[in-house]
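Dear colleague,

Please find the structure below, together with an account of what was found in it. I would be grateful if you could read the two side by side.

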Amino acid sequence: MTTSEVRLSNTDTIPKLDQASYLFETLGFVEEDLTFDEIRKGLIEVRMDADRERLINSRRSKTTLLEDTTNAGTVFWSNARDALRELMRLGLVEQSTLPSRPNQMLTHKDKRFSLTSHGQDFLALAAHDVWEFRIRFVQALEIAHPYLRELRLKLKDIELFFPRMQKSDLPGDVERWRSGPPEPLIELAEAINRRLIDQQNLNISPDHLENRMRPYLLQAWKRRDQDLKDKGNVLSKWAVKTVNDIVVRCVLEVHGLRMDFVTFRSAVELLTDLSALWQTRALEGGKGWTIWSTSDGWYTETTSSEHSPGSKALAGPTWFQPTDVADEVVRDAIVDRFLAHHDRRGGFVLIHELRAEVCHELKIHGRKFNAVLEKMHSQDLKHDKYAINLDRGGGHELLPSEDPFRIAERAFYLITLLRRS
Amino acid sequence: MRVKSYLQDAYGLAQNPFPATAIARWGSSDERENGLLFNSDVCPRECEEAIDKFIVGPIDSGSKFHFLWSLGEGEEARGFGKTVLLRHLSRAINKDLGRKLLQEHGFDQEEARNTPVLATMGTFNKTDVTSLSAVCLEQALNLAQVDPSTGLSPMMVLHKHMVESLELGNRAVDEEAEAIRKQIQETDLSLSGKTLGSPDRRFVDFFANGNWAGLASFVRQADQKSGFDLLSTSFVVARAAGINKIFLFIDEVEAFASADTPKKRRSMEVERFRDIAIETQPFGDMASYVLTMHPAAARSIDEFWSLARLPKIDHLLRQNQRITVILNPITDTGDVEKLLTGYLKTFRHSDINVEPIHPFDHAALHVLLEHSGGRPGPMLKFAHELIEEGARSQWKRIGDKEARQIAEEDRVITELPMRTRRRGIGAID
C-alpha cells in the first residue's frame with residue numbers, strides 16, 4: 001500500500017483510552033503471548049497503578065476495579081479491545097478479529113495475538129530510547145488519525161477554552177428539566193457567549209450557539225425519556241453534565257473540529273499523556289477547561305514506500321517534538337507566579353493552581369513543572385532569593401480534574417517561599 | 001542483662017535520657033518530655049529572634065499579633081520545637097517577671113525593673129480544647145499552676161511583686177489580703193471601655209489570701225465557658241500588680257482550624273478573638289499574642305482572619321517580617337551534639353568520665369541528622385530508640401553502622417511492588 005492508500009477519511013475513530021500506557025503495555029502483553037483475557041487483566045493492573053499514583057481512589061473513595069466484583073469477568077474488556085484494535089490499525093499487531101460486545105468475551109478470551117515486525121521494532125526502540133519511542137508513537141497516531149492531527153494543528157494557532165456551566169447557569173429548574181432541555185436556551189447561550197468573550201475574546205453569537213446546541217440537547221433528552229423518574233439530584237447532575245458536553249461539542253464545531261465530547265476527551269487525554277498538549281481546569285477565573293499545545297512539528301503527507309502508520313512513523317527523521325524550556329525559566333516563573341498569585345491565603349498557594357498558571361504562561365506541559373519543582377525541593381535547582389517549602393496539607397482543595405504533585409509516594413498540595421538569608 | 005543495668009554500667013546513664021515520643025508534654029513530671037531540657041544554644045539565632053520579635057518588639061512598638069512557624073511537610077511541620085520554645089520563653093519571663101531576660105536584651109536595670117511582664121500559654125487540641133474560651137481557661141490555669149522547675153506559679157511571683165510594690169511586707173496577713181483586694185478593685189474600676197465585667201471574686205480571694213492550692217484547684221475545676229472571665233481576672237490582678245504587658249501564647253492552631261471544626265464556628269471564634277484581643281479591656285491594652293502556625297491551618301483561617309480585620313498571616317509580607325519567626329531544621333552536627341548533650345548530661349552519673357556524647361560517636365550524629373530531617377523532636381525520639389537498642393544489644397558504642405541499621409528498620413516501606421504484568425514500557429514518570 002502506498003501513502004495514498006493510508007486512508008485519511010472524513011471521520012475518525014479515536015481509541016477510547018485515557019492513557020497511552022494501555023497501548024504501550026498491550027504491545028508488551030502481545031509480545032509475551034498473553035491471551036485476550038490476560039491482556040484485559042493486565043490493563044486493569046495498569047489502570048490501578050495509575051489510579052494509585054494519582055491518588056484517585058483515596059481522593060474519591062472509589063471502589064477499585066478489582067474490588068468491584070460486578071461483571072468481574074468482563075470488566076475492562078472494551079479497553080483491551082480498543083488497545084488491540086488501535087495497535088492493529090497502527091500496523092504493530094497482526095490483524096485479527098476482536099469482540100464487539102461483552103457477551104462475545106467467552107469466544108475470544110483465550111485468543112492470542114502476534115506482533116508485526118514494526119511492533120517488534122517499536123518495542124526495541126522503547127528499550128533503547130524511551131523518548132524517541134514515545135515521539136514516534138505519537139507520529140504513528142497522528143498519521144492514522146486525522147482528528148488528532150487537526151486538533152494539534154488547531155492548538156498551534158490558538159488555545160481552546162470550554163466554559164464550565166454550573167447548575168445556577170441553567171435556566172429553569174429540575175422539575176422543568178424532566179420534560180425537556182433548559183429553556184429559554186438563549187439565556188444559557190448568552191452566558192456561554194459572555195464567558196468565551198471574557199476568557200478568550202472569542203465572540204460566538206448567542207443565536208448561533210443556541211441553534212447549534214438545540215438539536216443535540218433535544219436528542220439527549222429524547223434518549224433519556226425512560227429515566228424520567230430519577231431523583232432530582234441525579235437528574236440535575238445529568239442535565240449539567242449533558243449541557244457541558246454539548247457546549248464542548250458546539251465550541252469545537254465553531255473551531256472546525258469534528259469530534260463529539262467523548263472522542264474529544266479521549267484525544268485530549270492521549271495527547272496530554274504523550275506530552276503533545278496540556279490541559280487544566282484550575283486557571284484563575286477560568287471556570288472552564290483550557291487546553292494548549294506543548295509540542296511542535298507537523299505531519300505532512302509525503303511519498304513513502306512504507307505501508308502502515310507504524311512503519312511510516314519509524315522511517316526517517318522525527319518531526320514531532322515536545323516543546324522544552326530551560327529549568328531556570330520555569331523556576332523563575334514559579335517564584336513570580338507565586339508572588340503574584342490571587343489566592344495566597346496564609347502565605348500558601350495550592351500547587352495545582354500554581355502549576356496551571358505557570359504552564360499556561362510558558363505553554364509547557366505539567367510534567368515539566370513537576371520536574372522543576374522537584375529539583376527546587378531537593379535544592380538541585382536554586383533560586384537566588386527564595387527557597388521553596390512544600391506541605392502535605394490542603395489535599396481537600398485539590399480539584400478532581402487535577403493531579404496531585406508527588407515526589408515518590410508523597411503527595412504535596414501547598415507551597416510557600418522562604419527568603420534566603 | 002537488664003537494659004537499665006547496661007545503661008548504667010556501659011553508658012553511665014541513670015535511664016534512657018531521650019523522650020520516647022517527639023511530642024512535648026507540658027506538665028509531665030518526666031523531664032525528658034516536658035520541655036525543661038530545652039537548650040537555647042542549639043538554635044541561638046531563632047531564640048534571639050523570638051525574644052526580639054515576640055517580647056522586646058511588643059514592649060517597644062506595641063505590636064499585638066505574632067506568628068511562630070515551622071515549615072516542613074505536613075506532619076513533618078511538627079517536631080521543630082515550636083512548643084518547647086514558647087514554653088522556654090514563658091518560663092524565662094515568669095520566674096522574675098521578665099527582668100533578667102529584658103536586661104539581657106537591651107533594657108537597663110531600672111527599665112527592666114519598671115517593665116514587669118508575664119506570659120502564659122494555651123493549646124488547642126481536637127478533643128476538648130476546641131474553642132477560644134477553652135484556650136483562655138488553659139492560659140488562666142497555666143498562670144495558677146506551679147512550674148516544677150522553680151516551684152513557683154506565675155501568680156505566686158505576681159503576688160510577691162505586688163506585696164513588694166505596695167510595700168505590704170509588714171502588714172498582718174488579713175490586712176495584706178485586704179489591701180490586695182482593694183488594689184485589684186481600684187484597678188478594675190479604673191478600666192475604661194468595654195470589659196468582660198468585674199473580676200471573679202473567688203479568684204481574687206484565693207490570690208489575695210495566697211491560697212495557691214485553692215486557686216489552682218478552682219481554675220482547674222472551672223467550666224470552659226468561664227475561660228474568658230478567669231483570664232480577664234488574671235489580667236486585672238496582673239495590672240493591679242503593675243504589669244503592663246502579658247504575652248499570650250497559643251499553640252496548635254491547626255487543631256482549631258482543622259476541617260473537623262465547622263466553618264461557621266471557626267468564623268465566629270475568629271470574630272470573638274478579635275473582639276476580645278483588640279476591643280475588650282484589659283486585653284486590648286495588655287495582651288500580646290504569639291500563635292504557632294501551620295500551613296494548612298494558616299490557609300484555613302486566613303479568610304476569617306482577614307474578614308475580622310486582623311493583620312495578615314502571610315509570612316512573606318514585608319510588614320510581617322518583624323512579627324514572624326520561622327524555625328528551621330538543624331543542619332549542623334555540632335548542633336545535634338549540643339541537643340543530645342543537654343539530655344545526656346542530665347541523666348549521666350557524675351562519677352563517670354566519658355565523652356559528653358557517649359555512647360554515640362560523631363559518625364552517628366550524621367545519621368541522626370539525616371534520619372530526622374533535622375527536626376529536633378524526631379531526632380530525640382530516634383536517639384531514644386538507638387539508646388534502647390544499644391542497651392538491649394549491648395553495643396559499647398553507637399556509631400554509623402548501628403545507627404543506620406536502626407534507621408533502616410525504622411523507615412516505613414511505602415512503595416508497593418510493581419504489579420506482575422506491567423513492564424513500564426514507554427514510561428517516563
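Between chain B and chain A, 11 residue pairs are in polar contact, both residues being at pLDDT 80 or more; a polar contact is a pair of N or O atoms within 3.5 Å, where within protein one must be able to donate a hydrogen and the other to accept it, and residues adjacent in sequence count only if both atoms are side-chain atoms. Helix H15 of chain B (residues 295–307) supplies the largest share of the side of chain B that touches chain A, with six residues. Helices (H or I, at least four residues) and strands (E, at least two) are DSSP runs, numbered from the N terminus. That side of chain B has 15 nonpolar, eight polar and 13 charged residues, where Ala, Val, Leu, Ile, Met, Phe, Trp, Tyr, Cys and Pro count as nonpolar, Asp, Glu, Lys and Arg as charged, and the others, Gly among them, as polar.

The model is predicted: local features need pLDDT of at least 70 and side-chain atom pairs pLDDT 80 or more, while totals for chains, interfaces and linings use all residues. Residues are numbered from 1 along each chain as its sequence is written, chains are lettered from A and ligands numbered from 1 in the order in which they are written, and side-chain values use heavy atoms, with hydrogens and water left out.

Three salt bridges are counted between chain B and chain A, each a side-chain nitrogen of Lys or Arg within 4 Å of a carboxyl oxygen of Asp or Glu. A:Arg344 and B:Asp314 meet through their side chains in a salt bridge, at 2.5 Å from N to O.

In total, 36 residues of chain B are in contact (heavy atoms within 4.5 Å) with 51 residues of chain A. The buried area between the two chains is about 3,600 Å², 51% of it from carbon and sulfur atoms; this is the accessible area (1.4 Å probe) that two parts lose on being put together, summed over both. On the chain B side, B:Arg299, B:Leu316 and B:Arg421 lose the most area to chain A, together 25% of what that side buries.

Two cis peptide bonds may also interest you. One runs from A:Glu183 to A:Pro184, with omega near -5 degrees, and A:Pro184 is found in the loop between helices H9 (174–177) and H10 (185–200) of chain A. The other joins B:His358 and B:Pro359, with omega about 15 degrees.

Yours sincerely
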